[in-house]
Amino acid sequence: MKVSDREMKVLKVLAGHYNDEGNCLYFRTIMAETKLEKTQVRRSVRSLARKDLAKYERGLFDDDGTVAGSGYCCTRAGKELVAQDRLSE
């Protein structure tokens, strides 16, 4: 499966927060960790979701337990792809 450098950068951030419960991230968190612009993050996560490497989730909660929007999280396949990429470095 073809993944661009920018998509891999985003996927590595998502995979870094991965757990079996799906720990999802807001765009602003991904932007801060990748130093990419919002448009670049949006395109990357949507492309990753079409490839089943990330998934969209609604109804994310903030630290206070308040519903605070939506975001993306890494899938198991995405986590495995990042692990393979790290092995090849």
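**Figure 1. Overall architecture of the predicted model.** Helices (H or I, at least four residues) and strands (E, at least two) are DSSP runs, numbered from the N terminus. In this predicted model, the elements run α-α-α-β-β-α from the N terminus on, a total of four helices and two strands. Residues are numbered from 1 along each chain as its sequence is written, and side-chain values use heavy atoms, with hydrogens and water left out. Because the model is predicted, local features need pLDDT of at least 70 and side-chain atom pairs count only at pLDDT 80 or more, whereas totals for chains, interfaces and linings use all residues. Of the 89 residues in the protein, 35% are buried; buried means under 20% relative accessible area, exposed over 50%, and partly exposed in between (1.4 Å probe, protein chains only).

**Figure 2. The contact of α2 with α3.** The axes of helix α2 (residues 27–34) and helix α3 (residues 38–50) come within 10 Å and cross at roughly 110 degrees. Axes are lines fitted to C-alpha atoms, for helices over the stretch in contact, and angles run from 0 to 180 degrees between N-to-C directions. The two helices α2 and α3 are therefore roughly perpendicular to each other, a term for angles of 65 to 115 degrees (under 35 is roughly parallel, over 145 roughly antiparallel, and the rest oblique). From α2, the residues F27, I30, M31 and T34 take part, and from α3, K38, V41, R42 and V45; contact means heavy atoms within 4.5 Å. By class, this contact of α2 with α3 holds five nonpolar, one polar and two charged residues. Here Ala, Val, Leu, Ile, Met, Phe, Trp, Tyr, Cys and Pro count as nonpolar, Asp, Glu, Lys and Arg as charged, and the others, Gly among them, as polar. Leaving aside neighbours within four places in sequence, V41 is in contact with F27, I30, M31, T34 and L36.

**Figure 3. The contact of α1 with α3.** Helices α1 and α3 pack with their axes 9 Å apart, at an angle of about 80 degrees. That makes α1 roughly perpendicular to α3. In α1, R6, E7, V10, L11 and L14 meet Q40, S44, V45, S47 and L48 in α3. The contact of α1 with α3 has five nonpolar, three polar and two charged residues.

**Figure 4. The largest nonpolar core.** A nonpolar core is a set of buried Ala, Val, Leu, Ile, Met, Phe, Trp, Tyr and Cys residues joined through side-chain atoms within 4.5 Å. The largest one has 19 residues, of which V10, L11, L14, I30, V41, V45 and L48 touch the most other members. Two or more residues of this core come from each of α1 (5–16), α2, α3 and β2 (71–74). With six residues, α1 gives the most to this core.

**Figure 5. The paired strands.** Strand β1 (residues 54–57) and β2 pair in the antiparallel sense over four bridges; two strands pair if DSSP finds at least two bridges between them.

**Figure 6. Two loop residues with positive phi.** K35, in the loop between α2 and α3, has a positive phi of about 65 degrees although it is not a glycine. K35 is exposed, with a relative accessible area of 71%. D52, in the loop between α3 and β1, also is not a glycine and has a positive phi near 60 degrees. D52 is exposed, with a relative accessible area of 56%.
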